[in-house]
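Me: I've got a model open and want to talk through how it is put together. Can you take my questions one by one?

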Amino acid sequence: MKTDAYTVYTNTVPAGAYRGFGTLQVTWAYEIANGYHAEKLGRDPLEFRLKNLLKKGELYTPGDTPVDCDLKAGLVASRRRNRLECKE
């Protein structure tokens with residue numbers, strides 16, 4: 001996947017902090033990419049994400065705080081809840 005990115009300095013940004021909590025713009029981009037790659041590989045999007053998740057206690061980057069939650073359990077619970085809500 002080829003991407004182009006540009007940084008523009010402004011004091012009137014209509015979004016949250018880029019490096020702060022959430023980084024929503026980056027999250028959106030990699031989630032779209034994950035879905036795209038799962039589709040191209042003929043894989044279920046959730047299973048694709050679960051295969052590539054960090055496990056509790058693993059380091060994201062050297063020197064960073066280890067993952068302190070069960071990301072897999074959260075994604076599985078989200079899918080289960082979403083399926084229940086869609087049936088109603």
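Me: Which residues does Ala38 touch, not counting residues up to four places away in sequence?
Reply: This is a predicted model, so local features need a pLDDT of at least 70 and side-chain atom pairs count only at 80 or more, while totals for chains, interfaces and linings use all residues. Residues are numbered from 1 along each chain as its sequence is written, and side-chain values use heavy atoms, with hydrogens and water left out. Contact here means heavy atoms within 4.5 Å. With neighbours up to four places away set aside, Ala38 touches Arg43, Asp44, Pro45 and Phe48.

Me: Is Ala38 buried or exposed?
Reply: Ala38 sits in helix H1; helices (H or I, at least four residues) and strands (E, at least two) are DSSP runs, numbered from the N terminus. Buried means under 20% relative accessible area, exposed over 50%, and partly exposed in between (1.4 Å probe, protein chains only). Since its relative accessible area is 0%, Ala38 is buried.

Me: How far apart are the C-alpha atoms of Ala38 and Phe48?
Reply: Phe48 is among the residues that Ala38 touches. Along the chain the two are 10 residues apart, and their C-alpha atoms are separated by 6.0 Å.

Me: Which residues in H2 are buried?
Reply: H2 covers residues 45-52. Glu47 lies in that helix but is partly exposed, because its relative accessible area is 42%. The buried ones in H2 are Leu46, Phe48, Arg49 and Leu50.

Me: What does a side-chain oxygen of Asp44 reach at the start of H2?
Reply: Asp44 belongs to the loop between H1 and H2. At the start of H2, its side-chain oxygen comes to within 3.1 Å of a backbone atom, the nitrogen of Leu46.

Me: How many salt bridges does a search of the whole structure find?
Reply: The rule asks for a side-chain nitrogen of Lys or Arg within 4 Å of a carboxyl oxygen of Asp or Glu. In general, side chains of opposite charge can pair when their charged atoms come close. Run over the whole structure, the search finds two.

Me: Which side chain meets that of Arg49 in a salt bridge?
Reply: Arg49 is in helix H2 and counts as buried, because its relative accessibility is 17%. The N to O distance is 2.5 Å, and the partner is Glu31.

Me: How many residues apart are Arg49 and Glu31?
Reply: The salt bridge between Arg49 and Glu31 links distant parts of the chain. Arg49 is in H2, whereas Glu31 is in helix H1 (residues 24-40), which puts them 18 residues apart.

Me: Which residues is Arg49 in contact with, leaving aside its neighbours within four places in sequence?
Reply: Its salt-bridge partner, Glu31, is one of them.

Me: Why does the salt bridge of Asp44 and Arg79 tie together parts that are apart in sequence, and how many residues apart are they?
Reply: The two side chains meet at 2.8 Å, N to O. Asp44 lies in the loop between H1 and H2 and Arg79 in helix H3 (residues 71-87), so the pair ties together parts that are apart in sequence by 35 residues.

Me: Are Asp44 and Arg79 buried or partly exposed?
Reply: Asp44 has 30% relative accessibility, so it counts as partly exposed. Arg79 has 24%, so Arg79 also counts as partly exposed.

Me: Which residues does Pro66 touch, not counting residues up to four places away in sequence?
Reply: Pro66 is in the loop between H2 and H3 and is partly exposed, because its relative accessibility is 36%. Pro66 and Lys55 are 9.2 Å apart, C-alpha to C-alpha, and 11 residues apart in sequence. The residues Pro66 touches are Gly57, Glu58 and Leu59.

Me: What pattern does the protein follow, read along the sequence?
Reply: The secondary structure comes to three helices and zero strands. Read along the sequence, that gives α-α-α.

Me: Where is confidence highest, and at what mean?
Reply: pLDDT is the predictor's confidence in each residue, from 0 to 100. The protein averages 80, and 74% of the residues score at least 70. Confidence is lowest in H3, at a mean of 81, and highest in H2, at 90.

Note on methods:
Polar contact = N/O pair within 3.5 Å; in protein donor to acceptor, adjacent residues only side chain to side chain.
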